[in-house]
Amino acid sequence: KESIFTRERSKCVDLPPFTRLFKDVELDKKELGLYHDSLRKLKADYYRRLNAGEIKTGGEHMVFLSHARRCSSLAKLPYALDLIEEIVGGNSQVIVFSWYKDVVEHLAKKLNCRTITGDTANNLRQPFVDEFQEGKKKIICNTFGAGGVGLNMQAADYLLLIDRNYVPADYEQAEGRSFRIGQTKPVTSLWMNFVHTDTDRVIDQ
């Protein structure tokens, strides 16, 4: 009878320490109002399309959960920018991940850095990674689907996860872009959590 044995990566290779930290994001009254306004607009647009026959009924709860996750990610952006500037100011390099392309693009515009999303041409992805690996760029912003697998970016000693997918393997793969064979520095992965209500906490689990 054949048997298959698996071992954790950290036990198979000699890697430096890896730390995962949770960064809570608590909006002020004005920011929280903007967050709820955005949610109301998305909900109203959903019902408009539903009543117009553009989409079929059913699945409303998943749609609204997706809306809440996207709005929470957008609401985290000012706090993400502060964290990134602090990391880079400490002479470190950081990979930023989000599930949402508009979140990634907003950060890249503010930070003047490269992005790897589903829209990034295949012939540009490796040159963007090479720039980062050579230290020419201290920040790179990726979506999980495009930049979370198959790339080696051991130059990063920080990862910042604005949000996470529903599948744990996706964010573990994303962290593995930096924490992998060839890494010589301790790696810290920062997970941003939205913490206003129990419902909001569920968004980031």
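Predicted model: local features only at pLDDT ≥ 70, side-chain atom pairs only at ≥ 80, totals over all residues.
A pocket, in the sense used here, is an open set of grid points with protein on both sides within 12 Å along at least five of seven lines, and its lining residues have an atom within 4 Å of a point.

Which residues line the largest pocket? They are Leu27, Glu31, Leu34, Tyr35, Asp37, Ser38, Lys41, Cys71, Leu74, Ala75 and Pro78. Two elements, α2 (29-51) and α3 (60-75), each give two or more residues to this lining. The most comes from α2, which gives six residues.

Let us turn to strand β6, residues 187-194. Is this strand enclosed or open? Eight of its eight residues are buried, so β6 is largely enclosed by the rest of the structure. Recall that in a regular strand the side chains alternate between the two faces of the sheet. For β6, one side carries Val187, Ser189, Trp191 and Asn193, while the other carries Thr188, Leu190, Met192 and Phe194.

Which strands pair with β6? One partner is β1, residues 18-25, which pairs with β6 in the parallel sense over eight bridges. Within that pairing, Leu21 stands opposite Leu190 of β6. Another partner is β5, residues 158-161, also parallel to β6, with four bridges. Here Leu161 stands opposite Trp191 of β6. To pass from β5 to β6, the chain crosses through helix α8, residues 168-175, and this β-α-β crossover is right-handed.

The C-alpha atoms of Ile95 and Leu161 are separated by 8.5 Å, although the two residues are 66 residues apart along the chain. Ile95 belongs to strand β2, residues 94-98. Because its relative accessibility is 0%, Ile95 counts as buried.

Thr120 is found in the loop between β3 (114-116) and α6 (122-133). Is Thr120 buried or exposed? Its relative accessibility is 10%, and the cut-off for buried is under 20%, so Thr120 counts as buried. What does the side chain of Thr120 reach? It reaches the backbone nitrogen of Thr117, at 2.9 Å.

In general, most residues other than glycine have a negative phi. Asn91, however, has a positive phi, near 65°. This residue lies in the loop between α4 (77-89) and β2. With a relative accessibility of 65%, Asn91 counts as exposed, because the cut-off for exposed is over 50%. Asn112 likewise is not a glycine, and its phi is positive, about 55°. Asn112 is placed in the loop between α5 (101-111) and β3. At 60% relative accessibility, Asn112 counts as exposed.

To close, I would ask you to keep two points in mind as you look at the model. The lining of the largest pocket draws most on α2. Thank you for your attention.

Technical notes: Residues numbered from 1 in each chain as written. Heavy atoms only, no water. 1 Å grid on protein atoms, 1.4 Å probe; cavity = no way out; pocket = protein on both sides within 12 Å on 5 of 7 lines; lining within 4 Å. Buried < 20%, exposed > 50% of the residue type's maximum accessible area, 1.4 Å probe, protein only. Pairing = 2+ DSSP bridges. Right-handed = clockwise from strand over helix to strand, strands pointing away. Polar contact = N/O pair within 3.5 Å; in protein donor to acceptor, adjacent residues only side chain to side chain.
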